[in-house]
Amino acid sequence: SVQDTNLALQLFDGLNLGGRQLRFGRPVDYKAPPPNLENYVVGQEQVPDAASNNIDPHQHIEQGSPAAMLLMQQQSLKQNATLLQATAKQSLNEAILRKQKAVLSAMMTPANA
C-alpha cells in the first residue's frame, strides 16, 4: 500500500550498507494517489471506495518491528501536531477576546476620566 511504501522509504533512507549510505526517495514528478487508493494493496481483488476506509491499513505490521515503531512515532507526531494546533487556536482566540474587552473598556470609559 502507499502507507507501507511511505514507511519503507522513511525506514530505509540513510541506511548504511557496505560503508555507503543508501538514499531512497520518490521520483521528482511523483503524484500521490487519490484518497480512495491510499490503502490499496497490490493484488487486492477490489479497489476500496472512499466510504469503506474503516479497515486498519497497518494490521499486517508486526508489533515491535522497526516499521511498527516508526508508525507509532508518526502517529504520536501527528497527534502532537493536532494538539499544538488546537492549543495555538485557543490561545489566539483568548488573545482576541482580551483585546476586544480592552477596546470595549476603552470605548466605555469617558475621555475625561
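Read along the sequence, the chain of this predicted model follows the pattern α-β-β-α, so begin by colouring the chain by secondary structure and picking out its two helices and two strands. If you display contacts between residues at least 6 apart in sequence, 47% of them join residues at least 24 apart.

**Helix 1**

Select residues 2–12, which form helix 1, and show the side chains of Val2, Leu7 and Leu9, the buried residues of this helix. Turn the view until you look down the axis of helix 1, where these buried residues fall within an arc of 160 degrees and so line one face of the helix. As background to such a view, an α-helix has 3.6 residues a turn, so residues three or four places apart point the same way. What do the buried residues of helix 1 pack against? Their partner is helix 2, residues 66–108, which is the next element to select.

**Where the two helices meet**

Two packed helices are described by the angle between their axes and the distance between the axes. Here helix 1 and helix 2 pack at an angle of about 100 degrees, and their axes lie 10 Å apart. Because an angle of 65 to 115 degrees counts as roughly perpendicular, helix 1 and helix 2 are described as roughly perpendicular to each other. To see the residues involved, show Leu7, Gln10 and Leu11 on the side of helix 1, together with Pro66, Ala67, Leu70, Leu71 and Gln74 on the side of helix 2, which they meet. Sorted by class, this contact has six nonpolar and two polar residues, and no charged ones.

**Beyond helix 1**

Now follow the chain out of helix 1 and select Asp13, which has its place in the loop between helix 1 and strand 1, residues 16–17. Is Asp13 buried, partly exposed or exposed? Its relative accessibility is 38%, and Asp13 therefore counts as partly exposed. Then draw a distance from the C-alpha of Asp13 to the C-alpha of Gly25, which is 12 residues away in sequence and 7.5 Å away in space. As a last stop, select Gly14, which follows helix 1 and has a positive phi, near 90 degrees.

Methods: Residues are numbered from 1 along each chain as its sequence is written. This is a predicted model: local features need pLDDT of at least 70, side-chain atom pairs count only at pLDDT 80 or more; totals for chains, interfaces and linings use all residues. Side-chain values use heavy atoms; hydrogens and water are left out. Helices (H or I, at least four residues) and strands (E, at least two) are DSSP runs, numbered from the N terminus. Contact means heavy atoms within 4.5 Å. Buried means under 20% relative accessible area, exposed over 50%, partly exposed in between (1.4 Å probe, protein chains only). The arc is that of the directions from the helix axis to the C-beta atoms. Axes are lines fitted to C-alpha atoms, for helices over the stretch in contact, and angles run from 0 to 180 degrees between N-to-C directions. Angles under 35 degrees count as roughly parallel, over 145 as roughly antiparallel, 65 to 115 as roughly perpendicular and the rest as oblique. Ala, Val, Leu, Ile, Met, Phe, Trp, Tyr, Cys and Pro count as nonpolar, Asp, Glu, Lys and Arg as charged, and the others, Gly among them, as polar.
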